[in-house]
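Please examine the structure shown below.

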Amino acid sequence: MKMLLETKGLKAFYGDFQALFGIDLSIEEGEAVALIGSNGAGKSTFLRAITGLINANEQDIHFNGNQIAGQSAHSIHKAGIAMVPEGRRLFPSLSVEENLLIGSAGGRPGPWSLDAIYDLFPDLVTKKNNPGTALSGGQQQMVAIGRALMSNPRLLMCDEISLGLAPKVIKSIYEAIPRIREGGTSLLVVEQDVGQALAVADRVYCFMEGRVTLTGTPDELTRHDIAAAYFGMQEEQEENN
Ligand SMILES: Nc1ncnc2c1ncn2[C@@H]1O[C@H](COP(=O)(O)OP(=O)(O)OP(=O)(O)O)[C@@H](O)[C@H]1O
Ligand SMILES: [Mg+2]
C-alpha cells in the first residue's frame, strides 16, 4: 500500500503553549483512520497543523510523497487535503448549492459534482436554494461534507462529524463513508464516540494531552486498552497500587 500522509514527531504550539508533543501518524492510500481522545487532547490541532491553518514550519509532514509542512493552506488544499471543520462553518448568507460550489474552487478533477453530492445526501435536494442556516444540524453537516468532497480530495479529514446530532442522522452520515471511500478518497475521522470510531475505521489512534497513547486496528484493541489510552486510567490504577 502507498503511504498517503505521514507525520513524524509533529509538534504544534499556540504561542508559548505546546499542544502536540511529537505525533507519528500515517494513513495509507484507501484507508479510513479514526482519531479519538478526550477534550483538549489535540485532535483538532493535529488537523489544523496538517491543513496549514496553524504554523507547521520545520515539521515533517509528508503527503503523497511531498513535504507539505509550512505550505499555505491554499496549496495544501490544492494538493488534495480537504477538511470538514468542527462546527461545520457554512457561509450563512449563501444557499446550500452555493456553499457546495465554493468547495470546488481550487480543487481537483474527480468523481464529485453537485449531482454526486445530491445522490449521496438526497435530503439536500429540496433544500438546494435554502440558506445553509435554514437547515437542521444534520443537513448542515451533510453540506459541510459535500463542500469538502467537491474539491475531490485524496484525503478527507472530518472533525467531530457526529457531535450533537441525533442517532438517525449520525447513521445516515456514517452510511456515506463507504461511498466516499469508493470514490478513491482516504479518510481521517475525529470521533468522540469510540464505538462509532471502531465501527468505521481500519485503524485507530488515540491522543491524550498532545501525545499518541494507543494505535492499532479495531480488532487488536481491547476496551481496557482504549480506556487506559483515553483517560490514562492505567497510570492512575498503578499509582493507587
Ligand atoms: N486557539 C487556541 N489558542 C490557544 N490554545 C488552544 C487553541 N486551540 C486549542 N488550544 C489548546 O490546545 C489543546 C488542544 O486543543 P484541541 O482543540 O486540539 O483539542 P481537541 O482534542 O480537538 O479537543 P475537543 O475534543 O474539545 O475538540 C488544548 O489544551 C486547548 O486548550
Ligand atoms: Mg477538537
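This is a predicted model: local features need pLDDT of at least 70, side-chain atom pairs count only at pLDDT 80 or more; totals for chains, interfaces and linings use all residues.

Residues are numbered from 1 along each chain as its sequence is written, chains are lettered from A and ligands numbered from 1 in the order in which they are written, and side-chain values use heavy atoms, with hydrogens and water left out.

Ligand 1 is surrounded by 15 residues, and the closest are Gly-40, Lys-43, Thr-45, Glu-86 and Gln-192; a residue belongs to this shell if one of its heavy atoms lies within 4 Å of the ligand. Four residues of the shell are nonpolar, seven polar and four charged. In this division Ala, Val, Leu, Ile, Met, Phe, Trp, Tyr, Cys and Pro count as nonpolar, Asp, Glu, Lys and Arg as charged, and the others, Gly among them, as polar. Strand S2 (17-28) and helix H1 (43-51) each supply at least two residues of the shell, and H1 gives the most, with four. Helices (H or I, at least four residues) and strands (E, at least two) are DSSP runs, numbered from the N terminus.

Polar contacts to ligand 1 can now be considered; the term denotes a pair of N or O atoms within 3.5 Å, and within protein one must be able to donate a hydrogen and the other to accept it, while residues adjacent in sequence count only if both atoms are side-chain atoms. Oxygen atoms of ligand 1 are approached by a polar side-chain atom of Lys-43 at 2.7 Å, by a backbone N or O atom of Ala-41 at 3.2 Å and by a polar side-chain atom of Glu-86 at 2.6 Å. On its own, ligand 1 has 630 Å² of accessible area, of which the protein covers 64%. Accessible areas come from the Shrake-Rupley method with a 1.4 Å probe, and for residues only the protein chains shown count as cover.

Ser-44 is buried, with a relative accessible area of 13%, whereas Glu-86 is partly exposed at 29%. Buried means under 20% relative accessible area, exposed over 50%, and partly exposed in between (1.4 Å probe, protein chains only).

Ile-177, in helix H7 (residues 177-182), is buried at 5% relative accessible area. Beyond its neighbours within four places in sequence, Ile-177 is in contact with Ile-161, Leu-187, Val-189 and Val-200, where contact means heavy atoms within 4.5 Å.

Gln-139 lies in helix H5 (residues 137-149) and counts as buried at 14% relative accessibility.

Tyr-230, in helix H9 (residues 223-231), is buried at 8% relative accessibility. Not counting residues up to four places away in sequence, Tyr-230 touches several residues, including Ile-36, Cys-206 and Met-208. The side chain of Tyr-230 reaches the backbone oxygen of Gln-192 at 3.5 Å.
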